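Subject: Structure handover

Hi,

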Amino acid sequence: MTKTVDVLFQPFDGANMALANRVVMAPMTRSFSPGHVPNDQVVDYYRRRAAGQVGLILSEGVSTNTVTATGTPNVPNIVSDEARAGWKKVADAVHGAGGKMGLQLWHEGPFRNPAKTEHPDAPSWSASGFKMPGKVIWDPMSDAEIETAITEFVDAAVACKELGFDCVEFHGAHSYLIDSFFWDQTNLRSDKWGGDWAGRTRFACEVISRTRDKVGPDYPLIIRLSQWKQQDFAALSAQTPQELEQWLAPMVAAGVDCFHCSQRRFWEPTFEGSDLNFAGWAKKVTGKPSISVGSVGLSGEFTELYGPGGTSEPASLDALIERMETGEFDLIAVGRALLQDPDWTVKVRDGRDDELQTFTKDALMTLY
Ligand SMILES: Cc1cc2nc3c(=O)[nH]c(=O)nc-3n(C[C@H](O)[C@H](O)[C@H](O)COP(=O)(O)O)c2cc1C
């Protein structure tokens with residue numbers, strides 16, 4: 001690194017949270033929770049990241065129900081008593097190590113793989129019943145199903161607070177259930193849950209506002225969003241800054257505190273004519289704090305994981321530091337670098353650049 005990393009280690013006070021530094025552990029599905037219950041191995045995994053001075057840990061995606069929300073084996077939920085007891089141990093361990101943590105609440109929607117679940121015959125839920133634009137697979141969600149899905153998100157968020165977590169993140173990105181409502185290519189509804197931005201944001205806004213009513217005004221609520229989709233990395237839910245404002249403003253009114261803006265490469269501009277990235281634009285159009293993410297400290301981006309190779313070398317943080325020094329966004333989420341090395345944050349802070357590790361796919365095979 002040629003630049004000082006001080007900006008990463010300034011305390012953060014905003015979005016109803018006080019954090020020791022600006023490093024957020026990105027939510028990463030690990031599939032190490034047999035029976036959908038986070039076990040002691042999972043407890044230690046998160047404890048190590050807290051001991052490694054991560055400012056805020058966001059958990060792997062956590063299912064909001066046991067049937068339609070999940071299609072990935074060994075993903076934890078927050079529904080069963082056993083799972084809640086496991087998460088309580090995680091929260092206590094992270095706090096014991098001086099850290100802070102929130103759960104990412106995840107409904108896989110159309111990207112659930114029914115064949116990999118205990119309920120292969122249950123239809124998957126999504127706004128208009130398809131995964132790829134135009135290819136109908138299931139019925140659109142009924143009003144009753146929408147109501148159930150909202151209630152499940154709210155109940156899960158309330159449980160998260162009761163278990164002692166410091167915030168909640170709703171997974172509204174990457175083509176899953178909430179995102180299937182946002183994107184006009186997968187939401188073709190003509191009722192109040194579709195149509196214009198007011199209609200397409202209604203599902204998320206109901207989740208946020210009803211959660212806000214239950215958890216009170218001070219409990220931090222984050223929503224993760226992405227322009228890109230699993231079906232199309234180049235997709236743009238919002239084509240212009242004006243559309244972005246129409247997308248985000250209703251969620252601000254509903255009571256969200258922070259936007260977590262998922263990109264595969266944090267340095268890429270979102271709209272032509274400006275260098276601002278997605279998190280930069282989210283902060284600019286709402287005035288709310290934002291979290292950026294995407295290939296921090298590594299040479300390759302995360303979707304290359306699934307291609308040949310799957311390794312990424314340590315890379316300079318200079319471009320990130322420059323953006324953070326301008327205040328473009330407030331916090332930076334780090335995924336694979338922290339999955340590879342729980343001590344990544346301290347090594348960066350202390351200038352131990354020669355100890356930064358290459359990310360390899362082996363890091364996915366185990367929890368350490
Ligand atoms: C193994 C793995 C699992 C992931 N699981 C999730 C997830 O559950 N929820 C989510 O929002 N993003 C998930 N992501 C995306 C990351 O949160 C992050 O946005 C992405 O890895 C880019 O950050 P990085 O380049 O620092 O790894 C996952 C990424 C990886 C590598």
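Helix H3 meets helix H6 through a list of side-by-side residues. On the H3 side these are Ile146, Glu147, Ala149, Ile150, Thr151, Phe153, Val154, Ala157, Val158 and Lys161. On the H6 side they are Phe203, Glu206, Val207, Arg210, Thr211, Lys214 and Val215. By class, this contact has 10 nonpolar, 2 polar and 5 charged residues. Keep in mind that this is a predicted model.

Now the geometry of that pair. H3 covers residues 143–162, and its axis lies 9 Å from that of H6. The packing angle is about 40°. The crossing of H3 and H6 is right-handed.

The structure holds 15 aromatic pairs. One of them joins Phe181 and Phe203, and it is stacked. The ring centres are 4.6 Å apart, with 5° between the planes. Phe181 sits in helix H4 (residues 177–182) and Phe203 in H6 (residues 202–215), so this pair ties together parts that are 22 residues apart in sequence. Phe203 is also among the H6 residues that meet H3.

How do H7 and H8 cross, and at what angle? H7 spans residues 241–254 and H8 spans residues 278–286. Their axes come within 9 Å and cross at roughly 65°. H7 and H8 are therefore roughly perpendicular to each other. This crossing, too, is right-handed.

From H7, the contact uses Pro241, Leu244, Glu245, Trp247, Leu248 and Val252. From H8, it uses Phe278, Trp281, Ala282, Val285 and Thr286. The class count here is 9 nonpolar, 1 polar and 1 charged residues.

Last, the sheet. Eight strands form a closed barrel, in the order E3-E4-E5-E6-E7-E8-E9-E10. The pairing is parallel. Neighbouring strands are turned by 25° against each other on average, direction ignored.

Which residue stands opposite Phe170? That is Ile223 in E7.

Best wishes

Terms used:
Residues numbered from 1 in each chain as written. Predicted model: local features only at pLDDT ≥ 70, side-chain atom pairs only at ≥ 80, totals over all residues. Heavy atoms only, no water. Axes fitted to C-alpha atoms, helices over the stretch in contact; angles between N-to-C directions. Helix = DSSP H or I, 4+ residues; strand = E, 2+ residues; numbered from the N terminus. Parallel < 35°, antiparallel > 145°, perpendicular 65-115°, else oblique. Left-handed = near helix turned anticlockwise from the far one by under 90°. Contact = heavy atoms within 4.5 Å. Nonpolar A, V, L, I, M, F, W, Y, C, P; charged D, E, K, R; others polar. Pairing = 2+ DSSP bridges. Phe/Tyr/Trp six-rings, centres within 6.5 Å; stacked < 30°, edge-to-face > 60°.
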